[in-house]
Amino acid sequence: MAPRNRSSGLAVSFRLVHRILLGVAGAVLVVMMFHICAEAVLRAVSPSTTLHTLAIVSTWYMIFLTFLPLPYVGEVHGYMCVELIDQVVKGLARRMLRVFVLALSAAYLAILAYLTFEDALEQMQVGKVMETATTYLPIWQPVWALPLALSLMVICEITRLVRMTTEPPVGKRARTDG
């Protein structure tokens with residue numbers, strides 16, 4: 001029997017959270033489509049009424065649609081990766097380069113998560129709003145999507161970094177297929 005990977009339970013939990021956030025982003029997309037359609041119908045029936053669609057789409061829906069899927073994209077390596085040096089470097093040097101890039105990515109994302117957390121906290125404390133033609137629209141709530149998504153990406157990168165530094169290289173793994 002193969003030894004159980006200690007991080008597998010944690011990895012499954014993170015995958016579940018990433019998929020839930022992806023599902024929430026999908027639900028936000030559907031709600032946004034209904035909102036836009038409702039605005040169009042309402043304008044046809046009563047041109048003087050508004051649902052503040054442009055303000056809500058740009059300050060609420062787009063933030064969720066842009067940032068909530070990021071942890072999932074990081075999990076499936078869906079982001080762009082430039083491998084100019086990676087193609088030239090082989091073996092241990094390639095592995096060390098990848099570890100360095102993962103550590104650098106995790107550090108950058110952690111700093112970005114911290115800064116967006118501070119910004120979100122400040123916006124929450126002042127109760128940031130956007131003035132529309134007829135009302136004030138609170139816009140501090142969706143800003144929390146950034147530190148949430150970036151923090152999960154940091155965890156994803158650190159998990160990948162730990163896995164890369166603790167597991168033997170692909171060619172050196174022991175055969176367990178009998």
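A salt bridge is taken here as a side-chain nitrogen of Lys or Arg within 4 Å of a carboxyl oxygen of Asp or Glu. The model is predicted, so local features need pLDDT of at least 70 and side-chain atom pairs count only at pLDDT 80 or more, whereas totals for chains, interfaces and linings use all residues. Residues are numbered from 1 along each chain as its sequence is written, and side-chain values use heavy atoms, with hydrogens and water left out.

Two salt bridges are present in the structure. In one, the side chains of E157 and R160 meet with an N to O distance of 2.6 Å. These residues are three apart in helix α5 and therefore separated by about one helical turn; helices are DSSP runs of H or I with at least four residues, numbered from the N terminus. Both E157 and R160 are buried, where buried means under 20% relative accessible area, exposed over 50%, and partly exposed in between (1.4 Å probe, protein chains only). In the other, R43 pairs with E39, and the closest N and O atoms are 2.7 Å apart. R43 and E39 lie four residues apart in helix α1, about one turn of the helix. R43 is partly exposed at 43% relative accessible area, while E39 is buried at 8%.

Helix α1 has 38 residues and should span 56 Å at 1.5 Å a residue; its end C-alpha atoms are 55 Å apart, which agrees. The expected span is 1.5 Å times one less than the number of residues. Buried positions in α1 are A11, F14, H18, L21, A25, V28, M32, H35 and E39. The cover over these residues includes α2, α3 (70–75) and α5.

Helix α5, with 22 residues, reaches 32 Å from its first C-alpha to its last, close to the expected 32 Å. Its buried residues include A145, L146, P147, A149 and L150. Among the elements covering the buried residues of α5 are α1, α2, α3 and α4 (91–126).

A nonpolar core is a set of buried Ala, Val, Leu, Ile, Met, Phe, Trp, Tyr and Cys residues joined through side-chain atoms within 4.5 Å. The largest has 17 residues, and Y61, F64, L68, L137 and A145 have the most contacts inside it. At least two residues of this core come from each of α1 (8–45), α2 (53–67) and α5 (145–166). The largest share, six residues, is supplied by α2. Another core, of five residues, lies apart from it and includes L109, A113, L150 and M153.

Methods:
Contact = heavy atoms within 4.5 Å.
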